Amino acid sequence: MVTLYGREFWVRATGKPVYNEEQSIIGIRGVFQDIDENKNNEHNLQNSLDIIAAQNSRLFNFAHVVSHNLRSHSSNLSLVVQLLNETKIEKDKLELIDNIADISENLDVAISRLNNMVTHHDLMKKERQMVVFSDSLDLVINSISSLINRESAKIISDFKAMKEIEYIPEYLGSILLNLITNAIRYKQPGRKPIIFIQTYLVNDQPFMEISDNGMGIDLDQYGDKMFGMYKTFHSNPDAKGIGLFITKNQVETMGGSISVTSTVNIGTTFKIKF
Amino acid sequence: MGQKIELACIIDDDKIYVNLVRKIIEIKKLSENLLIFKNGLEALEYFKVILSNLTEDKLPEIIFLDLNMPVMDGWEFLGEFVKIKNNFDKKISLYVVSSSIDPRDLERAKSFNLVTDYLIKPIELKKFEKIFDRNVA
């Protein structure tokens, strides 16, 4: 229903039929009850539930990654120990000891990466503030200027429709950084990367789109895994399979969502709903 | 004993693990030769070439397949390998080897007929020997 001043609100209608002398219904008599507050509470509860379910599934994924990552090193270590017990040749033993050094280094890297991820989650406690898109983008471009120059990448931005947003500045920076470096890293060989960044509003809902002319990706094949942790689709040695996972995490932590469209050999577009 | 496997194959992106298995095979003299691919796609391309050249002596008797790999993971490889495997006359034993202890992975692996067994890393030396022994022609 709508009030005199145009505010919409939820009502519950209860009524009884009104009969005339021939026992046919000629109307309904009853009341409208304002249930706007209850209904809003219900919506809020449902939203909290969705957020918690999403967080839960992220935690589950995280736990899986932790266990898998640590297990792969511990199992290598156990193999080395078994081999050390078996071999009698001095040279083999020395080689195996070298392996232990590698495993220990890998383990160290794995743990510090996991640690990074946890600190990323901690940033949540930071406060939202007004962030100007072009400032954030300038910072990012400065920090990766050597990559941009090396690849002769061109970045075009259009923030006219929405110049700023209330957000955690570090998150916006990290989202831009991840998506831009991805776009450059997965450029179409032989084509200079062009990245187009745009913000806009649809029914007051802010959006940002980042499009590139890169190699694209077959979403039918990889779509559902795209934002998972440690999923890499190219044998690019730089690929750690963690960037998009963090990006999705940050967008969702702020209550938004991210989606992707892509055509192989044409390019990829990421769309963020804030 | 005496006899041993001619050609074994490892599909795994973990270099240290591959090195160690190579060492085990060397020390224990389990196989004459060893093929190594660092992801499913590399391995699949190899098998497709064999298929078109009909050189079955280049086919491994045993494959150890990892699950979590870049580019093409173990599941995708299985999905593709199923389609071409029946074109080979040679018996190939395929073992899925993973550090995942997720029971869902185990179920899923066993749902493939061509998977001989699901092995959880680390594999004990004795287990390796047994597997090679069992597959000697």
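Start by selecting Ile62(B) and Ser93(B): Ile62(B) stands opposite Ser93(B), which lies in strand 4 of chain B. Strands here are DSSP runs of E with at least two residues, helices are runs of H or I with at least four, and both are numbered from the N terminus. What you have open is a predicted model, in which local features need pLDDT of at least 70, side-chain atom pairs count only at pLDDT 80 or more, and totals for chains, interfaces and linings use all residues. Residues are numbered from 1 along each chain as its sequence is written, while chains are lettered from A and ligands numbered from 1 in the order in which they are written.

Now widen the selection to residues 62-65 and 93-98 of chain B. These are strand 3 and strand 4, which run parallel and are joined by 4 bridges; two strands pair if DSSP finds at least two bridges between them.

Next, show the whole sheet. It is open, with 5 strands of chain B in the order 2-1-3-4-5 and parallel pairing. Strand 2 (31-37) and strand 5 (115-120) of chain B each have a single partner strand, so one side of each is left without a neighbour in the sheet. From one strand to the next, the twist averages 20°.

Axes are lines fitted to C-alpha atoms, for helices over the stretch in contact, and angles run from 0 to 180 degrees between N-to-C directions.

Then pick Ile63(B). Leaving aside neighbours within four places in sequence, Ile63(B) is in contact with Cys9(B), Ile11(B), Ile92(B), Leu94(B) and Tyr95(B). Contact means that the C-beta atoms, placed from the backbone, lie within 7 Å.

Finally, bring chain A into view. Chain A has 7 helices and 9 strands. Where does chain A touch chain B, and how many residues take part? Here 21 residues of chain A are in contact with 19 residues of chain B. Select helix 1 (36-86) and helix 2 (90-122) of chain A, the elements that give two or more residues to the side of chain A that touches chain B. Helix 1 of chain A provides the largest share of that side, 12 residues.

Terms used: Contact = placed C-beta atoms within 7 Å.
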